[in-house]
Amino acid sequence: MSYGDVEKLIRDEIKQREEEGYDVSEAEAAIAEIEGREPSRLKTIMESLSKLNLKPDFPYKEPSDLAGIRSMRPKGPRKISIDLSEKSLIDKIYGGWLGRCAGCLLGKPVEGLNKEEIEKWLKIADAYPLDDYFPPLHDLPEETADWLRSRASRLEVLRGHIDHMVRDDDIDYTIINLHILETHGFKFTTEDVGEAWLSNLPFLRVYTAERAAYRNLVNGLTPPETATFMNPYREWIGAQIRADMWGYVTPGMPEYGAELAFRDARLSHVKNGIYGEMFIAAMISAAFATSDVEEIINIGLSEIPAESRLSEAVRDVIEWRRKYSDWRESWRRINEKYGRYHRVHTINNAALVLLGLLYGEGDFERSITISVMGGWDTDCNGATVGSILGVMLGADKIPEKWISPLNDRVESFVVGYNNSRISDLAKRTFNLAKRAIKRSGTE
């Protein structure tokens, strides 16, 4: 790593420590005083950050071990009775896969843009509010902003030009988690997850916390140190986007789905980074059993610590939905309170997932489009909302305009899985879900 890379990493670590409730004032002062290239000073600052104590008035309790997480979660249905035929079960699993791909593809052209930039694109195209894949823009004037001109030129992800699910890490992780289950079974370990990454995922196609964990694995570290050593991105969204497979294979078993998600998340994340994956996995498990969106959210909430920042954000969005009829007003509240987090952090993006779910009211199109119009990590949020709604509704009830452009084909950088048929992946997932159901006795 260059000096500049290390300095940035330490600045990111200072911000991460501050968000976790540590007093970082001395570290901020120390890095501000550095003049020129002083590697020894950077090393001293980094070492000091690992020795900080939580502020005594920090109001949150956020363990990173499974026993600690479970001791602080609220009451909830750890297992829910389901009565689904095999046809209905595979329809819901296939719906999850299709919904995830469609939602991801919807958000892909505008990933990282803010709400105002997204609205600008849509209004230029006379396509606001969003009700389909993003439209291409033609004959743009010379003064058009570079970001808009470049985004609007990526035709393979724009309306009228889509003919399959293009490669995306949001889908790669769902695929590799299928591979992990087929290879190691339901007793897979966090170490098995790490080995699967090293063997099947290119290093330059994993990002932020996952890249840090990958680097740590290569250097001989083991979990949970892989999640903490020189990894200031350990509460970002990377684990949350890896949740879906664990929900797909545990219908009506939110506790079990959350446990599988924990084993995956601890390779690269801590605290709210772990909770995000557990929360989404439990919601997907619950979506097999109920079509009440708020009930699904509350079941997910019951698997993470009640006094965590993520739980607080979930409760906030539920309350704002009850108070405001227009999703834009709730978005404004989310931005005011949680916009301080990085655009790919778990907490603020989870809030936008809930925005889409709650204001979408069970409508697939409305749910994914609201979540994407909110901005930030749009492909991740669209994918997560699409996955939950896809399971809840089933493939047969997803509007054709969202799934026909996929042509049942997905690109992937996971070794051996490129150009897979989405329906085949769903069938393989279904076989795993049947095994889990048989083991649990929920049939």
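Are Arg242 and Glu210 buried or exposed? Both of them are buried. Keep in mind while reading that this is a predicted model.

## Salt bridges across the chain

Let's stay with that pair for a moment. The side chains of Arg242 and Glu210 come together in a salt bridge, with N to O at 2.5 Å. The bridge ties distant parts of the chain to each other: Arg242 is in the loop between α11 and α12, Glu210 is in helix α10, and 32 residues separate them. The structure has 35 salt bridges.

Another one joins Glu20 to Arg234, at 2.9 Å from N to O. Here the two partners are 214 residues apart, with Glu20 in the loop between α1 (3-19) and α2 (25-32) and Arg234 in the loop between α11 and α12. Glu20 has a relative accessible area of 4%, so it is buried. Arg234 comes in at 3%, so it counts as buried too. This pair also belongs to a network of salt bridges that links Glu13, Arg17, Glu20, Arg234 and Lys271.

For a partly exposed example, look at Lys337, which has a relative accessible area of 32%. Its side chain meets that of Glu312 in a salt bridge of 3.7 Å, N to O. Lys337 is in helix α17 and Glu312 in helix α16, 25 residues apart.

## An arginine without a salt bridge

What does Arg151 have within reach, given that it is buried yet has no salt bridge? Its nearest side chain of opposite charge is that of Glu111, 6.4 Å away. The backbone of Glu111 is another matter: its oxygen lies 2.9 Å from a polar atom of the Arg151 side chain.

Arg151 is in helix α7, which covers residues 146-151. Setting aside residues up to four places away in sequence, Arg151 touches Pro109, Val110, Glu111, Leu113, Trp121 and Leu158.

## Another arginine, in α17

Arg333 is in helix α17, residues 327-338. With 27% relative accessibility, Arg333 is partly exposed. Beyond its neighbours within four places in sequence, Arg333 contacts Trp320 and Tyr324. If you want a sense of scale, Arg333 and Arg78 are 255 residues apart in sequence and 32 Å apart in space, C-alpha to C-alpha.

## Rings and charges

A search of the whole structure turns up 9 aromatic pairs. One of them is Tyr233 with Trp236, a tilted pair with ring centres 4.7 Å apart and 55° between the planes. Tyr233 is buried at 14% relative accessible area, and Trp236 is buried at 11%.

Charged side chains sit over rings as well. The charged end of Arg263 is over the ring of Phe188, 4.8 Å from its centre. Lys123 lies over the face of Tyr128, at 5.1 Å from the ring centre.

Pro129 is in the loop between α6 (115-124) and α7. The bond from Pro223 to Pro224 is cis as well, with omega near 5°. Pro224 is in the loop between α10 (208-218) and α11 (225-228).

Two non-glycine residues with positive phi are worth a look. Met230 has a phi of about 45° and lies in the loop between α11 and α12 (244-248). Met230 is partly exposed, with a relative accessible area of 23%. For Lys271, phi is near 45°. Lys271 is in helix α14, residues 271-287, and is buried at 12% relative accessible area.

Which residues of helix α15 (residues 293-301) are buried? They are Val293, Ile296, Ile297, Ile299, Gly300 and Leu301. What covers them includes α13 (254-265), α14, α16 (309-323), α18 (346-360) and α20 (378-393).

The N-terminal end of α15 has a cap, provided by Asp292. One of the side-chain oxygens of Asp292 lies 3.1 Å from the backbone nitrogen of Glu294.

Methods
Residues are numbered from 1 along each chain as its sequence is written. This is a predicted model: local features need pLDDT of at least 70, side-chain atom pairs count only at pLDDT 80 or more; totals for chains, interfaces and linings use all residues. Side-chain values use heavy atoms; hydrogens and water are left out. Helices (H or I, at least four residues) and strands (E, at least two) are DSSP runs, numbered from the N terminus. Buried means under 20% relative accessible area, exposed over 50%, partly exposed in between (1.4 Å probe, protein chains only). Lys and Arg count as positive and Asp and Glu as negative; His and the chain ends are not counted. A salt bridge is a side-chain nitrogen of Lys or Arg within 4 Å of a carboxyl oxygen of Asp or Glu. A polar contact is a pair of N or O atoms within 3.5 Å; within protein, one must be able to donate a hydrogen and the other to accept it, and residues adjacent in sequence count only if both atoms are side-chain atoms. Contact means heavy atoms within 4.5 Å. Rings of Phe, Tyr and Trp (its six-membered ring) pair if their centres lie within 6.5 Å; planes under 30 degrees apart count as stacked, over 60 as edge-to-face and the rest as tilted. A charge sits over a ring if NZ of Lys or CZ of Arg is within 6 Å of the ring centre and within 35 degrees of the ring normal.
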